[in-house]
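Thanks for coming, everyone. Let me put the structure on the screen, and then we'll walk through its charged pairs.

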Amino acid sequence: MSLGQKDKVLIICYSFPPHPGIGGRRWAKFSKTLSAKGYEIFIVGASNFSNSTSFWSKDVEKEKIKIKTFEFKFQKIIKYPKSVLEKFVRKIVLSVINITKYNADIITSLPNKNVWNGISDLIEKEKIKKVIVSGDPYLFYYASKLKKKLDFELTLDYRDLWNDHTFYDTKVKLSARQKQYFELAENFAVNNCDKIIFVDEYIKSVVEKRITSKTVSTFVIHNGFDKDDLAAGVNEKTQNEVINVFFAGSISSDLNAALIEFVSAFEKLSKIDSSLYNKFFISIFGEMDHALVRKIAEFKLANLNIENKTLNIGEYYEQLKKIDIGLVILSDEYKNSFVTKFTDYLFYEKYIAVLGFKGYFTEYVEKQNIGLGFDASDPVTFFKNLRDSYNNRKIISANEKEKFDLHVLTQKLIREVIEN
């Protein structure tokens with residue numbers, strides 16, 4: 001592979017480090033491994049106005065990764081108002097946006113001419129021919145429009161569902177005009193790009209129904225574990241009779257009911273079979289609704305600890321090395337998907353309890369004997385099964401585990417997408 005123009009890749013990702021958020025992890029990791037293989041990586045992300053920075057900032061502190069950030073229209077006033085005046089102005093801005101086709105909840109929907117003019121200048125100046133966009137349909141849409149003006153290959157990266165996610169029908173109030181623009185943006189983008197990457201087969205199967213173009217190629221490249229992060233220490237599980245169940249991360253509102261159902265079952269177990277109850281201790285950390293924390297606290301369970309706080313990356317991995325069972329909470333849309341947290345558990349060979357909706361993911365972990373789907377109908381039977389299946393768990397095969405290795409996935413990204 002000769003170094004040159006083809007080795008420059010532009011990645012557009014709103015939440016790329018140092019901007020905080022799980023949305024930046026996937027491409028921070030790919031950027032790190034691509035740069036190590038000789039690619040010159042250009043990044044466009046959003047300015048960071050929060051008091052925190054990404055857990056993965058160190059991954060992108062590389063000579064061959066050049067990051068340029070932009071303030072998106074109304075980004076600071078909408079997301080980070082501080083003074084009373086700013087909060088008042090925010091109300092006015094939101095009321096004005098809400099009568100337009102744009103979406104105040106996803107500010108990338110606004111034209112953001114300064115951002116896209118800056119991207120255009122960067123592509124022309126650096127003669128970039130490969131552009132990858134990871135994010136929402138509006139980023140996809142404006143990038144697809146830009147492709148009409150400039151000569152580059154455009155790849156869209158789908159980490160999530162958008163118009164096909166019930167969240168945007170139930171949790172986000174879109175006017176008919178806004179919903180129409182949301183649909184238009186996604187449908188235009190998926191038919192006016194060159195390639196689309198999906199994190200799993202299920203999201204691919206849903207979004208492909210929107211693709212009518214015969215020239216768009218699609219690929220599946222999973223999220224994966226990074227040995228550089230995870231191999232910092234060995235599994236430090238101490239031998240004791242208590243099975244430690246653990247979750248750390250963001251819990252979106254549509255997952256609240258699934259977690260409450262699980263905790264309710266644990267509470268019933270405490271009343272029916274205290275001996276089995278005392279075999280488990282549940283720890284939950286993360287960013288979640290205050291109402292969820294209050295609801296779970298009302299159960300008053302001695303063997304459960306919940307804290308509405310985010311563990312830093314070091315704390316997270318230290319905890320992860322010591323626990324027995326990791327929780328995965330799935331909505332209906334993601335019951336067939338391999339979520340990022342799964343790969344962390346996989347690397348450390350932790351058993352998995354799957355809450356929420358059952359689908360391909362639950363079938364997969366049960367078939368591999370590395371996890372069990374939650375059944376709320378009979379708490380005693382479920383926790384007995386969880387104890388027994390944990391004690392009889394298997395270690396996943398090396399070949400299966402390798403499918404989720406970041407370095408293997410990067411090779412696939414290069415082979416199928418970047419150089420194909």
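Glutamate 241 is exposed, at 64% relative accessible area. Exposed means over 50%, buried under 20%, and partly exposed in between, with a 1.4 Å probe and protein chains only. Before I go on: this is a predicted model, where local features need pLDDT of at least 70, side-chain atom pairs count only at pLDDT 80 or more, and totals for chains, interfaces and linings use all residues. Residues are numbered from 1 along each chain as its sequence is written, and side-chain values use heavy atoms, with hydrogens and water left out.

Back to glutamate 241. Its side chain meets lysine 279 in a salt bridge, 3.6 Å from N to O. A salt bridge here is a side-chain nitrogen of Lys or Arg within 4 Å of a carboxyl oxygen of Asp or Glu. Lysine 279 is partly exposed, at 27%.

How many salt bridges does the whole structure have? The search finds 25.

Aspartate 157 bridges to arginine 26, with the closest N and O atoms 3.0 Å apart. Aspartate 157 sits in strand 5, arginine 26 in helix 1, and 131 residues separate them. Helices (H or I, at least four residues) and strands (E, at least two) are DSSP runs, numbered from the N terminus. Relative accessible area is 0% for aspartate 157 and 5% for arginine 26.

Next, lysine 29 and aspartate 59 pair at 2.8 Å, N to O.

Last, helix 14, residues 340-347. Eight of its eight residues are buried, so the rest of the structure largely encloses it.
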